[in-house]
Amino acid sequence: MNLSFSEEDLKFQGEVRSFIAENYPADIKNKMDNGIPVSKDDIQNWQRILSKKGWFAVNWPEEYGGTGWSITQKHIFQNELADANTPTLVPFGVSMCGPVVYTFGTQEQKDRFLPGIINNDVWWCQGYSEPGSGSDLASLKTKAVKDGDHYIVNGTKTWTTMAQHADWIFCLVRTETTDIKQQGISFLLIDMKTPGVEVKPIITIDGSHEVNMVYLDNVKVPVENLIGEEGAGWNIAKFLLAHERTGIGGIPALKREIRRLREITSELPLGEGFLKDDDLFMDKLNKLEIDLLAAEYSELRTLAAMSKGGHPGPESSILKIKGTDLQQGLSDLFVEALGYYAHPFMSEDDLISNEGRIGPDFAANVMPHYLNYRKVSIYGGSNEIQRNVIAKAVLGI
Amino acid sequence: MDFSLSEEQQLLKDSITAFVDKDYLFDVRQKNINSELGYSSDFWKTFADLGWLGMPFSEADGGYNGGPIDLMVIMESLGRGLVVEPYIPNIVLAGGLISKLGSDEQKAELLPKIISGEIQMSLAFSEPQSRFDLNDVITSAKKDGDNYIVDGYKAVVMNGPSSNNIIVVARTSGNQLDKEGLSLFVVDPSAKGVSLRNYSNVDGSKASEITLENVSIPASSLLGSEGTAFSALEEVIDLATLAISAEALGIMEKMNEITLEYTKTREQFGETLSSFQALQHRMVDTFMAYEQTKSLLLMCAAKLTDKSDDAKKAVSALKYQVGISAKHVGEESIQLHGGMGVTDETNIGHYFKRLTTIRAIFGNTDYHLKRYSAL
């Protein structure tokens with residue numbers, strides 16, 4: 001057993017760290033560090049910087065523009081990105097649609113769709129959930145009926161993250177009604193500019209607009225936008241969900257945030273001292289850090305197994321549950337740290353106004369973050385579904 | 001032993017419940033919290049007309065002589081309706097201190113207007129460093145002839161924006177953490193040197209940051225005698241803690257009902273969510289969290305009514321439990337709603353937000369656990 005990084009890995013870490021230090025735009029960093037929401041342009045700008053360096057589609061095979069990095073190197077890279085508080089890479093194109101296209105698509109489809117993803121010219125979103133199909137994804141009802149060289153698509157997709165920015169959407173649609181609901185599902189790429197596609201915002205309890213309803217009303221989609229065989233969509237979905245779940249624990253970001261909270265305890269006044277003098281609070285912080293350490297080493301065990309050629313299996317469900325528990329727990333500790341100052345609500349305009357913020361500078365995002373992060377145990381396969389996966393796949397019950 | 005409400009208390013409960021069910025509709029509330037005022041002055045007038053604002057005051061002060069149990073009944077029912085109108089800042093905090101400490105003149109001037117809903121008031125007690133410690137006060141008041149000169153800063157003052165008068169806790173002597181040396185002043189927010197920064201809280205209520213710079217306040221605005229405000233302040237905050245705990249209980253009861261109803265109608269995998277045992281057990285747990293809280297609430301209301309020796313300890317036990325249960329019930333209700341729980345358009349998320357701010361108001365679990373241990 002050897003739990004340390006090799007000389008070579010450490011050298012790689014240094015290289016990544018200095019690249020970020022030299023190339024992470026100051027204006028985006030300023031927004032991220034001060035809790036001001038980043039725009040679509042900011043995200044694309046940062047992703048293009050990585051893309052130019054060849055460090056964007058890190059998981060892709062080299063022939064499609066991937067890095068060829070080892071599992072450990074990828075892990076180091078993710079850690080460094082999170083550590084520097086860079087914007088989270090939007091997964092829908094690079095981590096989801098891309099892998100589906102190069103795994104299941106025709107040569108023509110690869111040539112058509114992959115460059116737009118890797119160069120950040122095309123913004124993708126995910127059309128999976130429907131109002132009636134949440135955890136029971138296979139019960140989806142959006143219908144695609146073949147009509148000559150087109151499909152006519154009708155239905156409603158929901159919780160579509162950043163659809164308001166998207167150029168394209170990848171959808172699970174029903175091309176056939178069958179007794180087994182997993183059959184008859186197909187994977188279809190739809191241009192958001194097609195007549196009949198309508199996006200309506202869903203405002204969440206933190207006051208933000210992240211997710212949307214996407215209405216599909218007689219949308220005409222060329223048959224060449226079908227990925228894989230007709231009716232093979234469920235297998236693609238299963239392949240994709242495994243992708244979505246790796247990294248969903250968000251351990252690197254948690255490490256950064258817990259470090260930040262610890263710093264904050266030395267800054268927040270409490271009586272004649274600071275919050276760090278409050279033993280009960282510090283106990284909770286330390287317990288959470290121990291739990292995070294355990295999750296981090298669970299993730300490293302998974303990575304080590306994958307380095308030896310294993311595939312991420314039900315471990316990703318464990319990491320999803322633990323990671324999201326920790327994300328929610330930490331967001332709550334930030335709320336507790338602030339006392340009354342967690343309560344004022346600052347709009348986006350308030351955040352950038354000259355009037356200054358209410359309470360400590362970091363306070364404005366704390367409650368919205370806690371509220372918004374209720375989603376993490378719901379999305380990406382709810383934690384209840386993940387427990388079902390573990391029960392079935394690991395415990396065999 | 002009898003835990004049931006008196007006939008009058010039951011009537012009070014029925015009347016508020018009827019108001020909440022019939023008039024206090026979710027979309028009306030949402031419209032009101034997004035208005036400049038942040039609540040409905042018409043509803044406030046209704047509360048006055050129905051006698052709810054006068055309930056806790058003595059008959060001599062123009063009230064109905066209600067006790068902690070009546071207050072509990074009112075707040076629990078208002079909680080069920082997610083009522084945002086500022087009952088606690090006006091009636092329990094400001095009104096409570098005036099009736100406890102005010103001179104005949106001060107009472108005569110302010111209480112009838114509070115009870116009739118004519119004026120709005122609030123209590124400025126917390127400071128950035130004080131968190132929940134009532135004795136931790138830096139804001140100072142120094143005698144200057146017939147006046148006091150007040151300097152300091154007050155944080156997250158509930159109902160500050162609407163207030164015609166604000167009761168400010170200031171230190172007239174002693175050190176930052178001393179219980180001795182605290183005094184209360186009735187301050188006109190438009191007075192020279194007083195500036196308010198007003199804002200909305202995440203739960204839809206309104207609050208202010210208040211800066212007091214060289215504010216000259218006539219000695220006639222001193223509430224009670226100089227330097228001795230602490231015990232009255234503590235008593236009033238304790239009663240307000242009972243009130244907000246009752247509000248939390250009403251919210252939890254309602255959230256459990258809404259969630260149970262949702263799981264009975266939402267279908268996944270061909271069955272209603274309520275048919276899954278894993279989810280049934282979780283709803284049993286949130287129900288039990290509600291029951292545990294209810295028991296301590298009733299105990300605490302009884303001890304405050306009887307003025308028991310251990311009433312303070314009961315308050316801390318209650319608020320500790322409220323903090324634990326509120327987190328549990330709140331977070332589980334959202335989770336069981338799935339994505340719908342995090343949308344702005346459904347009411348469950350708004351109940352959750354209020355329940356979450358209540359966890360901290362008048363002291364979070366850590367604060368009350370420590371206070372309980374120390375008492």
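1. Chain A of this predicted model is built from 13 helices and 10 strands. Its radius of gyration is 22 Å, close to the 21 Å that the globule rule gives for 397 residues, so chain A is as compact as a globular protein of that length. Taken along the principal axes, the C-alpha atoms of the chain fill a box of roughly 75 × 50 × 50 Å. Of the 397 residues of chain A, 40% count as buried, and among its contacts between residues at least 6 apart in sequence, 71% join residues at least 24 apart.

2. For chain B the assignment gives domain 1 (7–119), domain 2 (122–227) and domain 3 (231–374). The C-alpha centres of domain 2 of chain B and domain 3 of chain B lie 30 Å apart, while nine residues of domain 2 of chain B are in contact with 10 residues of domain 3 of chain B. The side of domain 2 of chain B that touches domain 3 of chain B consists, by class, of six nonpolar, two polar and one charged residues.

3. Turning to the contact between the two chains, 32 residues come from chain A and 38 residues from chain B. On the side of chain A that touches chain B, at least two residues are supplied by each of β6 (197–203), β9 (269–270), α9 (279–307) and α12 (366–372) of chain A. That side of chain A has, by class, 17 nonpolar, eight polar and seven charged residues.

4. Arg301(A) belongs to helix α9 of chain A, and it counts as exposed because it has 12 C-beta neighbours inside 10 Å, a residue being exposed if 12 or fewer other C-beta atoms lie within that distance. Leu37(B) sits in the loop between α2 (26–33) and α3 (41–49) of chain B, and it is partly exposed because 13 other C-beta atoms lie within 10 Å.

5. The largest nonpolar core has 143 residues, and those with the most contacts inside it are Ile167(B), Phe185(B) and Leu242(B). Helix α7 (residues 230–265) of chain B contributes the largest share of this core, 14 residues. Leaving aside neighbours within four places in sequence, Phe185(B) is in contact with residues including Ala141(B), Tyr148(B), Val150(B), Ile217(B) and Leu222(B). A second, separate core of 52 residues includes Trp46(A), Phe92(A), Phe113(A) and Tyr151(A). In soluble globular proteins, nonpolar side chains tend to be buried together.

6. Helix α9 (residues 311–337) of chain B has 27 residues and reaches 38 Å from its first C-alpha to its last, which is close to the 39 Å expected at 1.5 Å a residue. This helix of chain B is mostly covered, with 22 of its 27 residues buried. Directly after α9(B) comes Gly338(B), whose phi is positive, near 60°.

7. Met162(A) has a positive phi near 60° and lies in the loop between β3 (150–157) and β4 (168–174) of chain A; Met162(A) counts as partly exposed because it has 18 C-beta neighbours inside 10 Å. Val156(B), which is not a glycine either, has a positive phi of about 45°, and its place is in strand β3 (residues 147–158) of chain B. With 27 other C-beta atoms within 10 Å, Val156(B) is buried, the cut-off for that class being 20 or more.

Terms used:
Residues are numbered from 1 along each chain as its sequence is written. Chains are lettered from A and ligands numbered from 1 in the order in which they are written. This is a predicted model: local features need pLDDT of at least 70, side-chain atom pairs count only at pLDDT 80 or more; totals for chains, interfaces and linings use all residues. Two residues are in contact if their C-beta atoms, placed from the backbone, lie within 7 Å. Helices (H or I, at least four residues) and strands (E, at least two) are DSSP runs, numbered from the N terminus. Ala, Val, Leu, Ile, Met, Phe, Trp, Tyr, Cys and Pro count as nonpolar, Asp, Glu, Lys and Arg as charged, and the others, Gly among them, as polar. A nonpolar core is a set of buried Ala, Val, Leu, Ile, Met, Phe, Trp, Tyr and Cys residues joined through C-beta atoms within 7 Å. The radius of gyration is taken over C-alpha atoms; the globule rule is 2.2 Å times the number of residues to the power 0.38. Domain bounds come from an automatic or database domain assignment. The expected span of a helix is 1.5 Å times one less than its number of residues.
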